[in-house]
Amino acid sequence: MSRDYLELDFPYSEPHRKPPLQFWITSFFFQMFGTNEFVLRLFPALCILGTSLLTYHLASVMFNSRTALYAFSILSFSLYFPLNGKIALVDSSLVLFGMIGFVSLYHLIQSAKWIYVFSFWSSVSLGLLIKGPPILIFLCGTCFILLFFAKVRPLIWKLQPWFGLPLAILPILYWGYQSWQRDDGALIRWMVDWYILRRATHPVFGQSGPPGTYLVLFFITFFPWSRVYLSFLREMFWRFISHLNAKEIKDTIFSSFRNGILLPLSPRSFLMLGLVFSWVFYEFISSKLPSYPLSAYPILSILLAEHLSKKHNQIYLYRIYLATAILMFCVIGFVIVPKFSDMRKETKILAEQIQKELLPDETLFSFGGLGIPSFAFYLDRKIEEISIDKMVTIKGKILLTDSDRLMLDALGIKTEPISDPIPIYAYDRNKTLILRLVKTNP
């Protein structure tokens, strides 16, 4: 570890650079428990577990313990959400802090205690240090909608956003200022362009889709609870149609801008409002990464659990779905994953082979944007990514693809192969890279 807590750089990680909190926590865990894969995934796994427990708590407070058990099971035993604990990206931390803020907001509405004001803004501040604006979109957007409800409006103003919001963004502003001083604003400008401007108007990593993409995606990611999801959508559709013909609902909506919505805020209404900026908002931006609506999963799990609890054969259905989920995880863990075990070890084997060719403390140069951060983790050696203009001046060992080596030879930049071709599967590009270690003598 470089022990540099401002310049958070890792080989092949440029498109994944984030605010610093996740990296600080991971660094602390490495110092406490050692540097290995298990420790790397430990904090994200704890965040996913914490989110599931908060989901149980909120469902229990809103409804009852049986609905809470259903919600916990739907969230924890669905196809996609638990995987975020293993993937070890910052999204697992973000959804935990978002859920803390969402639960705090509900408790504030119910009890008006100041402790929930503190926990709400603390979650916003931590979420900003994890991934920046997404937590503002979710929590502050939900607060904005709640202002239209006359009975809860005074409680929302109790958050005192004119004081709480500036205080919450102060830590990330201080880090941003220190980072700007270090590199003259290069990292901050890059983050604004990559995470805000580009994602709002263009797809990233080739993942895009029309509005409704996540509506369909949830059917897959909530498996084996997909049938409950479809039943819930059907109920919501017919309820929406019936509300369109209700005169009192029309009168309430059309007068809301002046007097506020006078209807009481039920637990279900609170949850539905939470979906607006955790899910619906992301349907209308060009980029469609699967992790964008992750904060909607706990909320949807409670809504699906409440829907399931109203069925006359709820216990029978719950047992069937839960047994299917357990069977699914067994098949994935004991049948599917072992079939790809060799492929998953390729970067580790590559690191071991390259390590044998390097001298102690020798820097490995990398050419061609290989984009394999797991290799850098296993190699545990300084890697410097270089461009073609540096190829003619650098003296050392270089890792590149076989096709790039042939291109360099055609340009007159001669290299001497050190290793045989090494195939490695790049899952994010769905293709096999043929790598070779070479050396140059300019």
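Y116 sits in helix α6 of this predicted model. Its relative accessibility is 22%, so Y116 counts as partly exposed. That value falls outside the buried class, because buried means under 20% relative accessible area. Setting aside residues up to four places away in sequence, Y116 touches S104, H107, L108 and S111. The C-alpha atoms of Y116 and L105 are separated by 6.9 Å. Along the chain, these two residues are 11 apart.

L105 and L108 lead on to another residue. Both are in contact with L159, leaving aside the neighbours of L159 within four places in sequence.

Side chains of opposite charge can pair when their charged atoms come close. D91 forms a salt bridge with K131, and the closest N and O atoms are 2.6 Å apart. D91 lies in helix α5 and K131 in helix α6, which spans residues 114–131, so the bridge ties together parts 40 residues apart in sequence. Are these two residues buried or exposed? Both D91 and K131 are buried.

This bridge is one of 10 found in a search of the whole structure. E235, R239, R268, E306 and K310 are linked in a network of salt bridges. Take E235 and K310 to begin with. They form a salt bridge with the closest N and O atoms 3.1 Å apart. E235 lies in helix α12 (residues 226–244), and K310 lies in the loop between α16 (296–309) and α17, so this pair ties together parts 75 residues apart in sequence. K310 counts as partly exposed, because its relative accessibility is 47%.

Now take R268 and E306. Their side chains meet in a salt bridge, at 2.6 Å from N to O. R268 is in helix α15 (residues 267–278) and E306 is in helix α16. The pair links distant parts of the chain, 38 residues apart. R268 has a relative accessible area of 11%, so it is buried. E306 is buried too, because its relative accessible area is 12%.

Next comes the surface. Which residues form a nonpolar patch there? L327, V331, F334, V335, I336, F340 and M343 do. Together they have about 660 Å² of accessible area. Helix α17, residues 314–339, gives the most to the patch, with five residues. M343 is found in helix α18, residues 341–344. With 35% relative accessibility, M343 counts as partly exposed.

T347 is found in helix α19, which covers residues 346–357. Why does T347 count as buried? Its relative accessible area is 10%, and the cut-off for buried is under 20%. The T347 side chain makes a polar contact with the side chain of S374, at 3.3 Å. Not counting residues up to four places away in sequence, T347 touches S374, F375, Y378 and I424.

Finally, consider the whole chain. It has 21 helices and six strands. Its C-alpha atoms fill a box of roughly 80 × 50 × 40 Å, taken along the principal axes. The chain has 442 residues, and 47% of them count as buried. It exposes about 22,900 Å². Carbon and sulfur atoms supply 65% of that area. How much of the contact count comes from residues 24 or more positions apart? Among contacts with a separation of 6 or more, such residues account for 72%. The bridges D91 to K131 and E235 to K310 join parts of the chain that are 40 and 75 residues apart, respectively.

Conventions:
Residues are numbered from 1 along each chain as its sequence is written. This is a predicted model: local features need pLDDT of at least 70, side-chain atom pairs count only at pLDDT 80 or more; totals for chains, interfaces and linings use all residues. Side-chain values use heavy atoms; hydrogens and water are left out. Contact means heavy atoms within 4.5 Å. Helices (H or I, at least four residues) and strands (E, at least two) are DSSP runs, numbered from the N terminus. Buried means under 20% relative accessible area, exposed over 50%, partly exposed in between (1.4 Å probe, protein chains only). A polar contact is a pair of N or O atoms within 3.5 Å; within protein, one must be able to donate a hydrogen and the other to accept it, and residues adjacent in sequence count only if both atoms are side-chain atoms. Patches are made of residues with over 30% relative accessible area and no salt bridge: like charges are joined within 9 Å, nonpolar side chains (Val, Leu, Ile, Met, Phe, Trp, Tyr) within 5 Å. Accessible areas come from the Shrake-Rupley method with a 1.4 Å probe; for residues, only the protein chains shown count as cover. A salt bridge is a side-chain nitrogen of Lys or Arg within 4 Å of a carboxyl oxygen of Asp or Glu.
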